[in-house]
Amino acid sequence: MSRNLILGALLASLVLLAALVSFVWTPYDHAALDIPGKLKTPSAQNWFGTDHFGRDMFSMIMVGARTSIAVALVAVGIGMALGVPLGLTAAARKGSWLDEVIMRGNDLVFAFPSLVIAILITAVFGAGAINAIIAIGIFNIPVFARIARGAALSLWEREFILAARVSGKGAARISAEHILPNVANLLIVQGTIQFSLGILAEAGLSYVGLGAQPPTPSWGRMLADAQTMVSFAPHLALIPGLAIIVTVLGLNLLGDGLRDWLDPRIRVARA
């Protein structure tokens, strides 16, 4: 087991643990205002200090982890649930009109970054975490579709797939029973990468006011609130920024470690 996998798992587990614990305990009420105690620096009483409303930063970071993980996880789930079947279908119908429609649809979605999609959705339905999930999820669909199609195409000419076709199995059954299990490792690794990108996308959308809305804490919203106070209260920006860095770094290391661990060619080369 590689060091990247161990370190990534530890960092990701730390953030996940903070998010889970926040459901039952935080040092203070994350929404409680204490104007006389605003802008306190980190101390034994307030581990990460307080913000410009006197809210406890540590409590807000814990609840913000919950928000970021929930948005990114659901968005990646949407991307996988819709993108993988589309990619497998396109590979099974390579060269057909259906393959062309799916891939050109992917190109169309790629032409619009998630932020632009979020702005379009927000203009119709209003800002909020649900719309951020939809925007990030839509952007993830073509990513998983391309990964699934590319990996599946290399398998369709393999002997065990030809044997399955000779036995009378249809394309859909072959994709589900033989193709998907053989590309699952690649999809899992890509899922961790997209998860980290989802954390960044959620923070970016919240930063511009399109993600989770107050009073729900969000790391991106905390950065936006801190931008005018960095000179005299740098902890307001440093702490949520470090939370994003640790989370993204942990997930990227986890993805690299999983790739090395799950890919037999890399294991053999290192042995």
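Biologist: At a relative accessibility of 3%, how does Val 71 count, as buried or as exposed?

Modeller: Val 71 counts as buried, because its relative accessibility is 3%. This is a predicted model, in which local features need pLDDT of at least 70 and side-chain atom pairs count only at pLDDT 80 or more, while totals for chains, interfaces and linings use all residues. Residues are numbered from 1 along each chain as its sequence is written, and side-chain values use heavy atoms, with hydrogens and water left out.

Biologist: What is the mean pLDDT of the protein, and which elements have the lowest and the highest mean?

Modeller: The quantity pLDDT is the predictor's confidence in each residue, on a scale from 0 to 100. For the protein the mean pLDDT is 90, with 96% of residues at 70 or more. Where pLDDT is low, the predicted coordinates should not be read in detail.

Biologist: How many helices and strands does the secondary structure come to?

Modeller: Elements are DSSP runs numbered from the N terminus, a helix being a run of H or I of at least four residues and a strand a run of E of at least two. By that rule the protein has 10 helices and zero strands. Its C-alpha atoms fill a box of roughly 75 × 50 × 30 Å along the principal axes, and 45% of the 271 residues count as buried.

Biologist: Which residues does Val 71 touch, leaving out those up to four places away in sequence?

Modeller: A contact means heavy atoms within 4.5 Å. Val 71, which lies in helix H2, touches Ala 129, Ala 132, Ile 133, Ile 136 and Glu 202 when residues up to four places away in sequence are not counted. Over the protein, among contacts with a separation of 6 or more, 69% join residues 24 or more positions apart.

Biologist: How many residues has the largest nonpolar core, and which of them have the most contacts inside it?

Modeller: A nonpolar core is a set of buried Ala, Val, Leu, Ile, Met, Phe, Trp, Tyr and Cys residues joined through side-chain atoms within 4.5 Å. The largest has 44 residues, and those with the most contacts inside it are Trp 156, Ile 179, Phe 195, Ile 199 and Trp 219. H2 supplies the largest share of this core, 10 residues. A second, separate core of 12 residues includes Val 71, Ala 135, Ile 136 and Ala 201.

Biologist: What is Gln 194 in contact with, leaving aside neighbours within four places in sequence?

Modeller: Gln 194, found in helix H7 (residues 171–207), is in contact with Val 76, Asn 140, Val 143 and Phe 144, leaving aside those neighbours. Gln 194 is buried, because its relative accessible area is 6%. Gln 190, also placed in helix H7, is buried at 14%, and its contacts, on the same exclusion, are Val 143, Phe 144 and Ile 147.

Biologist: How many residues line the second largest pocket, and which lie nearest its centre?

Modeller: On a 1 Å grid over the protein atoms alone, a pocket is an open set of points with protein on both sides within 12 Å along at least five of seven lines, and its lining residues have an atom within 4 Å of a point. Grid points are joined across faces, edges and corners, and the volume is the space filled by probe spheres set on them. Here 14 residues form the lining, of which Leu 14, Val 15, Phe 48, Ile 61 and Ala 243 lie nearest the centre, and the pocket holds about 300 Å³ of space. H9 gives the most to this lining, with five residues. Counting Ala, Val, Leu, Ile, Met, Phe, Trp, Tyr, Cys and Pro as nonpolar, Asp, Glu, Lys and Arg as charged, and the others, Gly among them, as polar, the lining has 13 nonpolar, one polar and no charged residues.

Biologist: Which residues does a cis peptide bond join, and what is phi of Leu 39 near?

Modeller: Most residues other than glycine have a negative phi, and most peptide bonds are trans. A cis peptide bond joins Pro 214 and Pro 215, with omega about 10°, and Pro 215 lies in the loop between H7 and H8. Leu 39 has a positive phi, near 60°; Leu 39 is placed in the loop between H1 and H2 and counts as partly exposed at 26% relative accessibility.

Methods: On a 1 Å grid over the protein atoms alone, a cavity is a set of points where a 1.4 Å probe fits but cannot get out, and a pocket is an open set with protein on both sides within 12 Å along at least five of seven lines; lining residues have an atom within 4 Å of a point. Buried means under 20% relative accessible area, exposed over 50%, partly exposed in between (1.4 Å probe, protein chains only).
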